[in-house]
Every structure is written in C-alpha cells, then in structure tokens.
Amino acid sequence: MRVGLSATQKPIDELGRFLVGSTAPPPAIVDVGHLRELDIQVEVPRLELQAVCTHEHWAEIYDRLVELITGIGAR
C-alpha cells in the first residue's frame, strides 16, 4: 500500500496517478480541503503616493508596520 500526503501539491488527481503509476487502477483520493478565516484590510499612506517614494513615505510605512506588528497605535 502506498500513502501520499501533501498539503500543497496540485492538481491532486495528476499527483495520485503519478503515485500509483500509469498502468495501475486510479488511486483513492481523500481531499478534505482547508479554509481559513481571513481578516484583510487595505491601508495606504497618509501622504499622497508618487512615482518614487520619498524618505518621508518610507518612514511613515515603517512606522505603521511597527504599529501593526507590536499591536499599538491601531487606526
């Protein structure tokens, strides 16, 4: 008996055929799937964006990243 386990490979049917070989009967595939709860938010800098970011832009971005990472200063 062969057992293949992967959380990242696709397409799963093609990988199952690779596991058993082209002359063997199709494998039994169990795909339980996985869903994650997402919390997505889009943020843009307060300063108007331009073609090239200034030092002030980057400073604002870095400061906001620190706020988000440390959990302080939420908007």
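**Burial, salt bridges and overall shape of a predicted chain**

Biologist: What percentage of the 75 residues in the protein chain do buried residues make up?

Modeller: This is a predicted model, in which local features need pLDDT of at least 70 and side-chain atom pairs count only at pLDDT 80 or more, while totals for chains, interfaces and linings use all residues. Residues are numbered from 1 along each chain as its sequence is written, and side-chain values use heavy atoms, with hydrogens and water left out. A residue is buried under 20% relative accessible area, exposed over 50% and partly exposed in between, with a 1.4 Å probe and protein chains only. By that criterion, the buried share of the 75 residues is 7%.

Biologist: What radius of gyration does the protein chain have?

Modeller: The radius of gyration is taken over C-alpha atoms, and the globule rule is 2.2 Å times the number of residues to the power 0.38. A compact globule of 75 residues would come near 11 Å by this rule. Along the principal axes, the C-alpha atoms fill a box of roughly 65 × 30 × 15 Å. The radius of gyration of the protein chain is 24 Å.

Biologist: In which helix is Arg-64 placed, and is Arg-64 buried or exposed?

Modeller: Helices (H or I, at least four residues) and strands (E, at least two) are DSSP runs, numbered from the N terminus. The protein chain has 2 helices and 0 strands. Arg-64 belongs to helix α2, which covers residues 55-70. Its relative accessible area is 9%, so Arg-64 is buried.

Biologist: Which side chain makes a polar contact with that of Arg-64 at 2.7 Å?

Modeller: A polar contact is a pair of N or O atoms within 3.5 Å; within protein, one must be able to donate a hydrogen and the other to accept it, and residues adjacent in sequence count only if both atoms are side-chain atoms. At 2.7 Å, the partner of the Arg-64 side chain is Glu-43.

Biologist: How many salt bridges are there?

Modeller: A salt bridge is a side-chain nitrogen of Lys or Arg within 4 Å of a carboxyl oxygen of Asp or Glu. Arg-64 and Glu-43 meet in one, at 2.7 Å from N to O; this pair links distant parts of the chain, with Arg-64 in helix α2 and Glu-43 in the loop between α1 (12-20) and α2, 21 residues apart. Arg-64 also meets Glu-67 in a salt bridge, at 2.8 Å from N to O. The count is 2.

Biologist: Which residues do salt bridges that share partners join into one network?

Modeller: Arg-64 and Glu-67 are separated by about one helical turn because they lie 3 residues apart in helix α2. Glu-67 is partly exposed, at a relative accessible area of 24%, and Glu-43 is partly exposed too, at 29%. The network formed through shared partners consists of Glu-43, Arg-64 and Glu-67.

Biologist: Which residues is His-57 in contact with, leaving aside its neighbours within four places in sequence?

Modeller: His-57 is found in helix α2, and its relative accessible area of 3% makes it buried. Contact means heavy atoms within 4.5 Å. With neighbours within four places set aside, the contacts of His-57 are Leu-47, Glu-48, Leu-49 and Gln-50.

Biologist: What accessible area does the nonpolar patch on the surface have?

Modeller: Patches are made of residues with over 30% relative accessible area and no salt bridge, where like charges are joined within 9 Å and nonpolar side chains (Val, Leu, Ile, Met, Phe, Trp, Tyr) within 5 Å. Accessible areas come from the Shrake-Rupley method with a 1.4 Å probe; for residues, only the protein chains shown count as cover. One member, Leu-68, lies in helix α2 and is partly exposed at 47%. Together, Trp-58, Tyr-62, Leu-65, Leu-68 and Ile-69 have an accessible area of about 560 Å².

Biologist: How far apart in space are Val-32 and Ile-61, C-alpha to C-alpha?

Modeller: Val-32 lies in the loop between α1 and α2 and counts as exposed, at 76% relative accessibility. In sequence, Val-32 and Ile-61 are 29 residues apart. Their C-alpha separation in space is 39 Å.
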